[in-house]
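Visitor: I would like to learn how to read a few features of this structure with you. Could you take me through them one at a time?

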Amino acid sequence: MADAAAPKRVTRRNILGWGMAIILTSLTVTGIAPILVYLWPAPPKGQKKGPLTIALDTPLDQISEGQVVKFNAPSSPNSAFIMADGGGDNAPGDLAFGGFVVKTQGKTDVLAINCSHLGCSVALNASANTFDCPCHGSRFHLDGTVLHGPAQYPLSHLTWQQGQDSKTIEVDGLILGF
Amino acid sequence: MAIPHPREIQLAVVQWLDERYPFTKTVDEAMYQRVPNFANAFYYCFGGMVFVLIVLQLLTGILLAIYYVPDARGNPAPAYTSVNFIQNDVYLGWLIRGVHFWGANILIIMVLLHMARVYWTGSYRAPRELNWIVGILMLLLILVLALSGYLLPWDTKAYFATEVTIKIAGSAPPAALGAFIKTVLQGGPVVGPPTLQIFFTAHVFLLPALIVLLMYVHFRFIRAHGIAEPL
C-alpha cells in the first residue's frame with residue numbers, strides 16, 4: 001500500500017529502462033524494415049509498359065457490322081494488355097491476355113477477354129451474337145454490356161489506336177519480363 | 001588376445017557415450033512411458049498416424065526435390081517437364097510422387113479425425129488449451145502446405161486453382177490491403193514464374209521448418225501434461 005501511495009517519480013533506473021527499450025525497438029525495426037522491402041516483389045528486368053503491336057486476322061477496314069475479331073497478347077516477349085476501365089473483377093490497370101475487336105453500330109471497340117464476374121475468358125457465341133462466359137454463364141452483348149448475370153458490369157475496354165496500316169492495331173500493354 | 005563378445009563392444013560404446021551425455025537416461029525417459037488403459041482405443045492412434053504421415057511427406061518431399069526444378073519460365077516450363085520426368089522416367093518416381101500426393105490428402109483427413117477425437121474426449125480442457133492452439137496452428141500450416149504444393153506441377157489445373165485462391169486472398173478488406181496481399185503472393189502483377197518461386201520457397205523451406213518446430217512443442221506439451229483422461 002505504501003508503494004501504491006508513493007508519488008510516481010522519475011528515477012535513473014526508469015529512464016535507463018525506457019532508453020534501452022527504445023534502442024532495442026529501433027534496432028529491431030531497422031533490422032526488419034529492409035527485409036519487408038526485400039519481400040515486396042521487384043519488377044523483373046525487361047518489364048516495360050508501352051503499346052503492343054497486334055496483327056489482326058481481318059484488317060480493320062474490312063470488319064463488317066457485328067463482326068468480332070479475336071486476338072491474343074504476344075507471347076514472345078511475354079506480354080499482357082492493360083485494361084482502361086472495368087468493374088467487378090476487372091479494374092483499370094488490370095492485365096488481360098486477350099481481347100476482341102468489335103464493330104457495333106458503326107463504332108469499333110476493343111474489349112478485354114476477361115469476364116467481369118470472376119475473370120474467366122469469354123468466348124464469342126457466333127449464333128447468338130453474344131460473348132458467353134464458360135465458367136458461370138454470364139453473357140454480354142457485342143458492345144460489352146451485360147445481357148445475363150451473374151456478371152454485373154460490362155466488359156473492360158483496352159486503350160488502342162490503329163497501327164501503321166489497317167492490318168495492325170497498337171494496344172496499351174505491358175511486357176512482363178519473364 | 002581374447003576376441004570380445006559383441007555385447008561387450010556394445011556396452012563399451014554405450015558407456016563411452018553415457019560418460020559424455022546421459023543418453024541412456026534420456027532415451028529411457030523418452031521411450032518407456034506407461035500408456036493408460038483408456039488410451040489404448042484405436043482413436044487415440046490418430047495423432048500418431050498424423051506424425052507418421054508427416055514424416056512420410058518429409059521423406060518423399062526430399063526425394064521429389066532431387067528432380068523437381070522450380071522454374072516456370074518458358075513453355076513448356078521446366079517445372080512442368082520435371083514433374084513429368086519424375087512421373088514417367090525416374091525409377092519409382094510415380095510411386096514417390098503418388099505417396100506424396102495421396103499422403104497429403106490422407107494427412108488432412110487424419111488431422112481432422114485427430115482433432116475430432118481431441119474434441120470428443122474433451123482433451124482440449126485446462127491445462128491443455130495451449131496444445132490445442134498449437135494444433136490449430138499446425139492445421140493451418142498443413143492447409144497452406146497443401147495449397148502451395150498444389151501449384152508446383154505448374155499444369156493448367158494448378159495455375160488456375162492458384163489464380164482463384166490468390167483472388168480470394170486478395171479480396172480481403174480494405175481493398176488496398178487485398179491488393180497488397182495479392183501482389184506479394186503473386187510476386188508481381190500476374191500469377192507467373194515469381195509466384196511459383198514464392199510458393200516453392202514456402203512449401204519446401206519455410207512451412208516444413210515451422211511445422212517440425214511446432215510438432216516438437218506439441219509433443220513436449222503432451223509429455224508435460226500426460227494423456228488427458230476421457231470425459
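Visitor: At what angle do helix α3 and helix α5 of chain B pack, and how far apart are their axes?

Guide: Keep in mind that this is a predicted model. Two packed helices are described by the angle between their axes and the distance between the axes. Here, helix α3 (residues 46-67) of chain B meets helix α5 (residues 93-120) of chain B at about 155°, and their axes are 9 Å apart.

Visitor: How are α3(B) and α5(B) oriented relative to each other, roughly parallel or roughly antiparallel?

Guide: Angles over 145 degrees count as roughly antiparallel, and therefore α3(B) and α5(B) are roughly antiparallel to each other. Their crossing is left-handed. As for the residues in the contact of α3(B) with α5(B), 16 are nonpolar, 7 are polar and 2 are charged.

Visitor: Let's turn to the sheets. In what order do β7, β8, β9 and β10 of chain A form their open sheet?

Guide: The order is β7-β8-β9-β10, with antiparallel pairing. The edges are held by β7 (123-125) and β10 (146-148) of chain A; each has a single partner strand, so one side of each has no neighbour in the sheet. To follow one pairing at residue level, take strand β9 (residues 139-140) of chain A, which is joined to β10(A) by 2 bridges, the two running antiparallel. R139(A) has H148(A) in β10(A) as its bridge partner.

Visitor: Over how many bridges do β5 and β6 of chain A pair?

Guide: Strand β5 (residues 98-104) of chain A pairs with β6(A) over 6 bridges, in the antiparallel sense. You can pick out T104(A), whose bridge partner in β6(A) is K107(A).

Visitor: What about the backbone: which residues does the cis peptide bond with omega about 0° join?

Guide: That bond joins S76(A) and P77(A). P77(A) sits in the loop between β2 and β3 (79-82) of chain A. In chain B, the peptide bond from A126(B) to P127(B) is cis too, with omega near 5°. Look for P127(B) in the loop between α5 and α6 (129-151) of chain B.

Visitor: Where is N129(A) found?

Guide: N129(A) is in the loop between β7 and β8 (130-132) of chain A. Its phi is positive, about 55°, although N129(A) is not a glycine. With 13 other C-beta atoms within 10 Å, N129(A) is partly exposed.

Visitor: Finally, how far apart do the C-alpha centres of domain 1 and domain 2 of chain A lie?

Guide: The assignment for chain A gives domain 1 (2-39) and domain 2 (48-175). Their C-alpha centres lie 57 Å apart.

Technical notes
Residues numbered from 1 in each chain as written. Chains lettered and ligands numbered in written order. Predicted model: local features only at pLDDT ≥ 70, side-chain atom pairs only at ≥ 80, totals over all residues. Axes fitted to C-alpha atoms, helices over the stretch in contact; angles between N-to-C directions. Helix = DSSP H or I, 4+ residues; strand = E, 2+ residues; numbered from the N terminus. Parallel < 35°, antiparallel > 145°, perpendicular 65-115°, else oblique. Left-handed = near helix turned anticlockwise from the far one by under 90°. Nonpolar A, V, L, I, M, F, W, Y, C, P; charged D, E, K, R; others polar. Pairing = 2+ DSSP bridges. Domains from an automatic or database assignment. Buried ≥ 20, exposed ≤ 12 C-beta atoms within 10 Å, placed from the backbone.
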